[in-house]
Structure formats: structure tokens, C-alpha cells
Amino acid sequence: MSLRFELPFPPSVNHYWRRVGARTLISRTGRAFRASVCSLLAARRVQPLDGPLIVQIDVYPPDRRRRDVDNLPKAILDALQHGGAYHDDSQIVSLTITKREVVPEGKTEVLIEKAEC
């Protein structure tokens, strides 16, 4: 079984967290992204996958600004977990993220498959 999603372009990890005093919180941008992903998954009535998983992420930036691709998966993976695509990030045994061409407003394509471990 596999799940395939098209999601909004995520905030980078630099914009996902905010420090408030001694506490670290998810930023307004991060919460909005998470809510958007949760809404998309709820509309599809996604049921959480069990067992080890392989996740492939293709990100399509909204513009040509310089971005580190390794700053993007945290928001995506947390939102997918929170939205119920799987039970816990620890189920992921393989993760591939690829930066693709620029598209207006950006987007993210995610494929989640069960791993045969």
C-alpha cells in the first residue's frame, strides 16, 4: 500500500520554530502549513500506515531563492504525522528529498510506501 499527496511548499526549519523565552514553539507559518496538510489528509480520510516506511519527497520551490533542501523535510514529516499518514516519524527507514524546478506558489509531492524490512 502507498499514499501519494500534493502539499503546499513547506516553511524551512529556519522559519518553522520560534523561541519564546526558554520555550521553542512552532511558528505561525509552521502551524498554518501543518493545518493545511491536516486538512488535505482529513479530506482524503487517510488512515495511518503501520510498520517501516519509505518516503520520497519532491519539492518545487516558488522562486529561485537559494534554499538548502535539508531544511525542508522536518515541517513536511511532522505535518504528515500530525495529519495521520503514519503513527510516528520513527517508522521512516528511508527518506529521499529532491529539489525540482520552480513552479508558481511552489508545491510538494510526497510518496509514502511500506518498506519490506
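Tutor: In this predicted model, the lining of the largest pocket consists of Phe9, Pro10, Pro11, Ser12, His15, Thr29, Arg65, Arg66, Arg67 and Leu72. Sorted by class, four of these residues are nonpolar, three are polar and three are charged. The volume of the pocket comes to about 180 Å³.

Take proline 10, one of the lining residues. Proline 10 sits in the loop that connects S1 to helix H1, the latter spanning 13-16. Its relative accessibility is 4%, so proline 10 counts as buried, the cut-off being under 20%. Leaving out residues up to four places away in sequence, proline 10 touches Phe33, Leu72, Ala75, Ile76 and Thr108. Among these contacts, Leu72 is itself part of the pocket lining. Along the chain, proline 10 and proline 61 are 51 residues apart, while 9.2 Å separates their C-alpha atoms.

Not counting residues up to four places away in sequence, asparagine 71 is in contact with Pro11, Ser12, Val13 and Asn14. Of these, Pro11 and Ser12 belong to the pocket lining.

The next topic is the largest nonpolar core. This core has 26 residues, and Phe5, Leu80, Val110 and Ile112 are the ones that touch the most other members. Two or more residues are contributed by each of strand S1 (2-7), helix H2 (28-43), strand S4 (53-60), helix H3 (73-83) and strand S6 (107-114). H3 supplies the largest share, five residues. In soluble globular proteins, nonpolar side chains tend to be buried together.

For valine 110, the contacts beyond four places in sequence are Leu3, Arg4, Phe5, Leu7, Val55, Gln56, Ile57, Ile76 and Leu80.

S2 (residues 17-20) and S3 (residues 23-26) run antiparallel and are joined by four bridges. Two residues lie between the strands of this hairpin, and glycine 21 in the turn has a positive phi of about 65°. Within the pairing, arginine 19 stands opposite threonine 24 in S3.

How values were computed. Residues numbered from 1 in each chain as written. Predicted model: local features only at pLDDT ≥ 70, side-chain atom pairs only at ≥ 80, totals over all residues. Heavy atoms only, no water. Core = buried A, V, L, I, M, F, W, Y, C linked by side-chain atoms within 4.5 Å. Buried < 20%, exposed > 50% of the residue type's maximum accessible area, 1.4 Å probe, protein only. Contact = heavy atoms within 4.5 Å. Pairing = 2+ DSSP bridges. 1 Å grid on protein atoms, 1.4 Å probe; cavity = no way out; pocket = protein on both sides within 12 Å on 5 of 7 lines; lining within 4 Å. Points joined across faces, edges and corners; volume = space filled by probe spheres on them. Nonpolar A, V, L, I, M, F, W, Y, C, P; charged D, E, K, R; others polar.
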